Amino acid sequence: MEPTLNLSEMNTLMDIVFLFQSVRDLNVMSQKFLQMLGKIVPYEKAVVFLYQEGHRQCSPCAEVRCGGTMIREYLSTYSQLDYLSWQIFQSQEKVFLESSRIRPEERQNSRFYQEFLRKYDVEYRLILNSRGSSGALLGTVMLFRSQIFTDFSPKEVAVMERLHDHFSAGIETAIRFNHLAVQADLAQKVYKTIPDVMVILDGTLAVREGNESAERFLLQLESSPARQREFFRTIRNCCQEMKEDGELSGDASGPPDFRQIPLLDGTAKVSMIVHPDVQGALSYEFVVIFSQEKFHDPDRSLPPGPAAEQIQQRFFQTLRRQYSLTNRELDLIRLALEGMENQKIAETLHISLFTVKSHFQNGYAKLGVKSRQELFLTYMKYLISEQFRQEFDAQTRKDDYLW
């Protein structure tokens, strides 16, 4: 049954759904969920338990007014006496009331009620069981009320049922994202270990950061001030020209500007990334990759015609095969790499802006990147470096049980 909600309740419900889509820290997501949930499903106490890959071993992820003692007692002793434990671990039911599962006299005569629920003044419980796409138990949400309140209403049960799938998807995505972060952030790993010198300049043309190769190279340049001046003068002149061209066009929707120039005894590949803010003002960032290979044709790093198309096709095939991106996620990434903003993507694909952001969050999590900028850096390095292409294509998932 779909709950009938007023405008304020509907807004809160949508805020909670967006929370599940956007927050990747399980503790933060769960705590904020409980805080926001109280606006549409009032409770006195609440707790969220998460399970280890669907097993009974669980840990508290968030709580409101339960306190450490109540949770410790439940986990150490009373979870085994809980007459709803079978319902929690064995049943496929998503949301249920305690009052619908046991008769009042049986409940009051149970040791669990007499020693635990009565001690903490719990008369009513509403339970949400979060199960993943594989059916494994991910977590349990328990909401508590004392006898001075009435039991949870059918409307409140329906609200929880409506939130179940979003909550489960949020947990799965957060686990996957955190697992990837532990393994290693793909973009950061490549950025730090790529053998070429790579530096990032901000809009003022100041060096913001560099990878390990850049740190060694710049340290060597300090012993030759003339070469050091020539290195930065050439790079900044190129960046300044690109910035001026960008300001003249005033368009951030096109593909990122990319140039290749001779530098010292090698070649620099310079890319400009444009970031429009909410008021339409443009800010700039420059990525410079310097290698010792001799400078030849400006288009050498991005071979013309079929070769470039083949590399691009190979990139998207890898995203589908190795990283399990869906067709819709691939569509959004293609448009983003063409420079299209979220609102324009939504209009082009005839979907909501909220759906666009949701697909990007899922795609970023699968790739191990956190922003459009990191996505573009990964794509750019794929186009430039055959070594990076081989490393990127060879990546395999180490978290198959989450996909």
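Tutor: Let us begin with helix packing. Axes are lines fitted to C-alpha atoms, for helices over the stretch in contact, and angles run from 0 to 180 degrees between N-to-C directions. Please note that this is a predicted model, in which local features need pLDDT of at least 70, side-chain atom pairs count only at pLDDT 80 or more, and totals for chains, interfaces and linings use all residues. Residues are numbered from 1 along each chain as its sequence is written, and side-chain values use heavy atoms, with hydrogens and water left out.

Student: What is the angle at which helix α12 and α14 pack?

Tutor: Helix α12 (residues 327-337) packs against α14 at about 95°, and their axes are 9 Å apart. Angles under 35 degrees count as roughly parallel, over 145 as roughly antiparallel, 65 to 115 as roughly perpendicular and the rest as oblique. α12 is therefore roughly perpendicular to α14. The contact (heavy atoms within 4.5 Å) involves R328, E329, L332, I333 and A336 of α12, together with V356, H359, F360, N362, G363, K366 and L367 of α14.

Student: Why are α1 and α14 described as roughly parallel?

Tutor: Their packing angle is about 25°, with the axes 9 Å apart. Since angles under 35 degrees count as roughly parallel, the two helices therefore receive that description. V17, F18, Q21 and S22 of α1 meet F354, K357, S358 and Q361 of α14 there.

Student: How do you know that the length of helix α1 agrees with expectation?

Tutor: Helices (H or I, at least four residues) and strands (E, at least two) are DSSP runs, numbered from the N terminus. The expected span is 1.5 Å times one less than the number of residues. Helix α1 (residues 7-22) has 16 residues and should therefore span 22 Å, and its end C-alpha atoms are 22 Å apart, so the two values agree.

Student: What makes N6 a cap of α1?

Tutor: A side-chain oxygen of N6 lies 3.1 Å from the backbone nitrogen of S8, at the N-terminal end of α1. A polar contact is a pair of N or O atoms within 3.5 Å; within protein, one must be able to donate a hydrogen and the other to accept it, and residues adjacent in sequence count only if both atoms are side-chain atoms.

Student: Why is R65 called exposed?

Tutor: Buried means under 20% relative accessible area, exposed over 50%, and partly exposed in between (1.4 Å probe, protein chains only). R65 has 55% relative accessibility, so R65 counts as exposed. R65 lies in the loop between β2 (58-64) and α3 (67-78).

Student: Why does H350 count as exposed?

Tutor: Its relative accessible area is 72%, and H350 is therefore exposed. H350 is placed in the loop between α13 (342-349) and α14 (353-367).

Student: Why is K357 placed in the category of partly exposed?

Tutor: K357 has 35% relative accessibility, so K357 counts as partly exposed. K357 lies in helix α14, and, neighbours within four places in sequence aside, K357 is in contact with F18 and N342.

Student: Which category applies to R372, and why?

Tutor: R372, in helix α15 (residues 372-384), has 23% relative accessibility and therefore counts as partly exposed.
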